[in-house]
Every structure is written in C-alpha cells, then in structure tokens.
Amino acid sequence: MFFYQSGGCYDGSTPLCYREGDFRIGDHDFCLGSIGDIPFYMYKSQYNYWKLTQLIIYIADGEGPTFSLDSIEEKHFITAPVFLWLRSTKK
C-alpha cells in the first residue's frame, strides 16, 4: 500500500491510497517519506511547489475519491499544508 498526493482533482488536497500495482510510480514521482510503514509519493514538479510546506495528513468524515482505497469507508484523508516561511516569520 502507498499514498500518492493528488495533483489536480480535489484541489490537490487529497492523498490517494493505493495497493501496490494499482497505480504505477514513475521516474517523475518523488517519495517524501512514509506514514508509519506506508510510503508517501507526489509528482516531482508538484513537490517543487510544496517543498516549503509541512504537509499534515488528517482523517475526515465522509467518502473519499472512488479510486482510492479509503472510498469504502465513511472517512477519507486530507492534506493540510503549513507554510514554513509563514511559521518562521512569526517568531
């Protein structure tokens, strides 16, 4: 299983959850790290946009995208960015 940060649909706020083999990770994808033992990827050009943020993953009520594993639950994942440059100016 792995997460892939949506880059267009859902305003880029939904990390999609896939089984290995259901979505192909390519050369243009970047692994940010992992949540527990589950890797978290996004497209490299999208990473260039998000690299000055800390991404917080929440669980919210309601159905997720139909092509994500969390669509079968009444919960789904949401990505909330914290802009690091804003945090550093508040000191």
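1. Let's start with the cysteines. Cys17 counts as buried because its relative accessibility is 4%, where buried means under 20% relative accessible area, exposed over 50% and partly exposed in between (1.4 Å probe, protein chains only). Cys31, at 37%, is therefore partly exposed. The structure holds zero disulfides, a disulfide being a pair of cysteine sulfur atoms within 2.5 Å.

2. A word on the basis. This is a predicted model, with local features needing pLDDT of at least 70 and side-chain atom pairs counting only at pLDDT 80 or more, while totals for chains, interfaces and linings use all residues. Residues are numbered from 1 along each chain as its sequence is written, and side-chain values use heavy atoms, leaving out hydrogens and water.

3. On the fold: the protein has two helices and six strands, ordered β-β-β-β-α-β-β-α from the N terminus. Helices (H or I, at least four residues) and strands (E, at least two) are DSSP runs, numbered from the N terminus.

4. Now S4 (residues 38-43). S1 (residues 2-5) pairs with S4 in the parallel sense over two bridges; pairing requires DSSP to find at least two bridges between the strands. Tyr4 has Tyr41 in S4 as its bridge partner.

5. S3 (residues 29-35) runs antiparallel to S4, joined by six bridges, and Ser34 stands opposite Pro39 in S4. The two strands S3 and S4 make a hairpin with two residues between them, and Gly36 in the turn has a positive phi of about 65 degrees.

6. Overall, 29% of the 91 residues in the protein are buried. Of contacts (heavy atoms within 4.5 Å) between residues at least 6 apart in sequence, 43% join residues at least 24 apart.
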